[in-house]
Amino acid sequence: MKPRTDFFNAGLTYYVLIIFFVLVRISTAVDLFSFLGGAESYILNGLIQIGFMFLVPVVMFTLLNKQSFKTTFKDFRFNKINFKSVLISIGIGVLVFLLNIAVSSFFSFILQLFGYNYSTGGGTIITSYPFWMFLVNLLITAILPGFCEEVAHRGLLLRGFKDLGMKKAIILSALLFGLMHLNIEQFFYASIIGALLAFLTISTNSIFPAMIVHFMNNGISVYLDYAGANNLFLGDFLSEISSAITGSNFFVAMLIILLVLIAAIFLLVWLIYLLFKQTTGKRIGNLVKDFKEQFDPNAQTDAKQENAEGALVQPESQTSYLKEVSLKIPAEYIGINIHQTRKPAFKEKIFLYSTLILSMGVTISTFIWGTL
């Protein structure tokens, strides 16, 4: 019997994850968990994040591949990054939050043109927002999603899609990330952010930058809600942005969004470049340095002229050696091949197609209900 591929295992695992997620959404829609009272959202969010987004991908993928958990975390790119990379990722997270405001505002406007009634979040007025509640919301809304959702999407899915090539892996994982929210209001900007997070994960060959960016994006939003309720620094930031957009005519609003996008994108590209230099750039630099030391007569010692087997490296082998090493760079240093190396068979795509059909159906239904 032919062993299952990573593509099939990832598709099956993610399908199970989505099934559980949809069942919880349906259950909350019919008030099945109303007996939990005010703790309902906290308990269900904890279940979704820890249970579905983290445990299901890690445990199922480990069992299906018949490997150790250590190997699974390595497959999911739990590779360390340095302190500078952490700081750069925090900066990227701030910019992503600003881009999120612009992009979500744009798509909400488009949806309203099609007759969609944007949700107002219920109408509950917060009269008290203590610090302990801020910490709980930070855990549920920023820390857990930043960690667990990245495991499911930038860990599981990018591992499963590695043979599709970088471009297809990024697009497909981003699409599933947007659809995972099962909400037309979040689909568009979540897909765009998902593509960026996938690119960061691939270009650095580490899941940690994406986790930090995800946490910062959600965490800033949580802080602004808390600051707004307690008259703290930047507490009126979102309301001022909203007033500036909604209080202007269409062309002024689009100009504001465009200017924010242009400024943020320039800074974002620069920070991503710096992050790449601190991660993959350094690894490739070390590879080049090792190559020069191995073949440069002025830099060599007698010990460095010997390869791992103890045989002397001949100068005429430089070209073939460099060619062999360069072909290994994509897979070894970014964890994925640049171009597609294998086309999955139809039976391998069954669960991926099922996931797309189910999540697209639910997402489209939220648009239909929003226009009625």
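## Helices α1 and α2

In this predicted model, helices α1 and α2 are roughly antiparallel to each other, because their axes cross at roughly 160° and an angle over 145 degrees counts as roughly antiparallel. Helix α1 covers residues 6-29 and helix α2 covers residues 40-65, and their axes come within 9 Å. The crossing of this pair is right-handed.

On the α1 side, the contact is made by D6, N9, A10, L12, T13, V16, L17, F20, F21, V24 and T28. These residues meet E40, L44, I48, F52, M53, V56, P57, M60, F61, L64 and N65 of α2. Sorted by class, the contact of α1 with α2 has 16 nonpolar residues, along with four polar and two charged ones.

## Helices α2 and α5

Helix α2 also packs with α5, here at an angle of about 25° and with the two axes 9 Å apart. Helices α2 and α5 are therefore roughly parallel to each other, since angles under 35 degrees fall in that class. The crossing of α2 and α5 is left-handed, whereas that of α1 and α2 is right-handed. The residues of the contact of α2 with α5 comprise 17 nonpolar, five polar and two charged.

## Helices α7 and α8

Helix α7, residues 184-204, packs with helix α8, residues 208-230, at an angle of about 150°, and the axes of the two helices are 8 Å apart. That angle makes α7 roughly antiparallel to α8. Helix α7 contributes I193, L197, L200, T201 and T204 to the contact, while helix α8 contributes P209, A210, V213, H214 and N217. By class, the contact of α7 with α8 has six nonpolar residues, four polar residues and no charged residues.

## Two asparagines with positive phi

The loop between α7 and α8 holds N205, a residue that has a positive phi of about 55° although it is not a glycine. With a relative accessibility of 11%, N205 counts as buried, because the limit for that class is under 20%.

A positive phi of about 55° is also found at N231, which is likewise not a glycine. This residue lies in the loop between α8 and α9, the latter helix covering residues 237-246. N231 counts as exposed, with a relative accessibility of 72%, whereas N205 counts as buried.

## The loop residue D163

D163 is placed in the loop between α5, residues 131-160, and α6, residues 166-180. Leaving aside residues up to four places away in sequence, D163 touches Q340, T341 and R342. The C-alpha atom of D163 is also separated by 9.1 Å from that of I338, a residue that stands 175 residues away along the chain.

## The chain as a whole

Of the 372 residues in the protein chain, 43% count as buried. The chain exposes about 20100 Å², and carbon and sulfur atoms supply 68% of this area.

Among contacts between residues at least 6 apart in sequence, 78% join residues at least 24 apart.

Technical notes
Residues are numbered from 1 along each chain as its sequence is written. This is a predicted model: local features need pLDDT of at least 70, side-chain atom pairs count only at pLDDT 80 or more; totals for chains, interfaces and linings use all residues. Side-chain values use heavy atoms; hydrogens and water are left out. Axes are lines fitted to C-alpha atoms, for helices over the stretch in contact, and angles run from 0 to 180 degrees between N-to-C directions. Helices (H or I, at least four residues) and strands (E, at least two) are DSSP runs, numbered from the N terminus. Angles under 35 degrees count as roughly parallel, over 145 as roughly antiparallel, 65 to 115 as roughly perpendicular and the rest as oblique. Contact means heavy atoms within 4.5 Å. Ala, Val, Leu, Ile, Met, Phe, Trp, Tyr, Cys and Pro count as nonpolar, Asp, Glu, Lys and Arg as charged, and the others, Gly among them, as polar. A crossing is left-handed if the near helix is turned anticlockwise from the far one by less than a right angle, and right-handed if clockwise. Buried means under 20% relative accessible area, exposed over 50%, partly exposed in between (1.4 Å probe, protein chains only). Accessible areas come from the Shrake-Rupley method with a 1.4 Å probe; for residues, only the protein chains shown count as cover.
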